[in-house]
Structures are given as structure tokens and as C-alpha cells.
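Please look over the sequence and the model before reading on.

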Amino acid sequence: MKVQKAMISERGSIFWLVVDDEFIPIPPITDYLAHLKNVERSPNTLRAYAHHLRLFWEFLEERTLDWKAVGLRELSDFISWLRDPLPP
């Protein structure tokens with residue numbers, strides 16, 4: 001999984017994508033980043049969100065969690081995972 005910078009040629013604007021290991025964009029992340037772009041967030045903000053969402057998606061995949069079912073417990077576990085992503 002990685003963050004990929006893309007350019008929309010007809011507009012010349014930069015867009016950030018999070019793609020899986022087969023270089024396919026992850027739809028929920030793409031939709032959210034498109035929303036942020038539509039509400040005119042800065043390119044640096046979009047880039048930062050893309051990198052952070054990549055980490056969150058990696059956490060979800062590692063734990064085999066559905067992003068729609070994430071609650072407070074999973075968010076707490078994610079914070080712990082960010083501090084130490086390697087299992088003991």
C-alpha cells in the first residue's frame with residue numbers, strides 16, 4: 001500500500017491517492033480525499049491526510065477490520081499501533 005501523487009491533466013491540479021499493492025485506489029479513501037479537495041483544503045493537507053489514511057488502512061487490514069465497523073476501542077488500538085506497529 002502506498003500514497004501516490006496524481007495530476008489531473010485538463011486542470012493541471014494535483015491529487016493524492018492511496019493505492020493497494022496492485023496499484024488500485026482504495027475507494028473510501030479516494031472519496032474522502034475528493035471531498036477534502038472539493039471543500040478547498042490545501043494540497044499539503046490532502047497529502048498529510050493521504051499518508052495518515054494509508055496508515056489507518058494498513059492497521060485495518062492487519063487486524064481484518066471493516067472500516068465501517070470501527071468504534072472507540074479500535075481507534076484506541078490504532079493509536080497504540082501507531083506508537084508500536086510491530087507485535088511483541
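Two residues are in contact when heavy atoms of theirs lie within 4.5 Å. The model described here is a predicted one.

**Phe 56 and its surroundings**

Phe 56 is located in helix 2. Setting aside the neighbours within four places in sequence, Phe 56 is in contact with Val 70, Leu 75 and Phe 78. Buried means under 20% relative accessible area. Phe 56 has a relative accessibility of 16%, so Phe 56 counts as buried. Between Phe 56 and Gly 71 there are 15 residues of separation in sequence, and their C-alpha atoms are 13 Å apart in space.

Phe 56 also belongs to a cluster, in which ring pairs link it with Phe 59, Phe 78 and Trp 81.

**Aromatic pairs**

Rings pair if their centres lie within 6.5 Å. By this rule there are six aromatic pairs. One of them joins Tyr 32 and Tyr 49: the ring centres are 6.0 Å apart and the planes stand at 40°, so this pair is tilted. The pair links distant parts of the chain, with Tyr 32 in helix 1 and Tyr 49 in helix 2, 17 residues apart.

| Residue | Relative accessible area | Class |
|---|---|---|
| Tyr 32 | 36% | partly exposed |
| Tyr 49 | 36% | partly exposed |
| Phe 56 | 16% | buried |

**Helix 1**

Helix 1 covers residues 27-38, which makes 12 residues. From its first C-alpha to its last, helix 1 reaches 16 Å, close to the 16 Å expected at 1.5 Å a residue.

Which residues of helix 1 are buried? They are Ile 29, Thr 30, Leu 33 and Leu 36. These four cover an arc of only 125° around the axis, and therefore they lie on the same side of helix 1. On the other side of helix 1, the exposed residues are Pro 27, Asp 31 and Asn 38.

What covers the buried residues of helix 1? The cover includes strand 2, residues 13-19, and helix 2, residues 43-63.

Just after helix 1 comes Glu 40, which takes a positive phi of about 60°.

Note on methods: Residues numbered from 1 in each chain as written. Predicted model: local features only at pLDDT ≥ 70, side-chain atom pairs only at ≥ 80, totals over all residues. Heavy atoms only, no water. Helix = DSSP H or I, 4+ residues; strand = E, 2+ residues; numbered from the N terminus. Expected span 1.5 Å × (residues − 1). Buried < 20%, exposed > 50% of the residue type's maximum accessible area, 1.4 Å probe, protein only. Arc of directions from axis to C-beta. Phe/Tyr/Trp six-rings, centres within 6.5 Å; stacked < 30°, edge-to-face > 60°.
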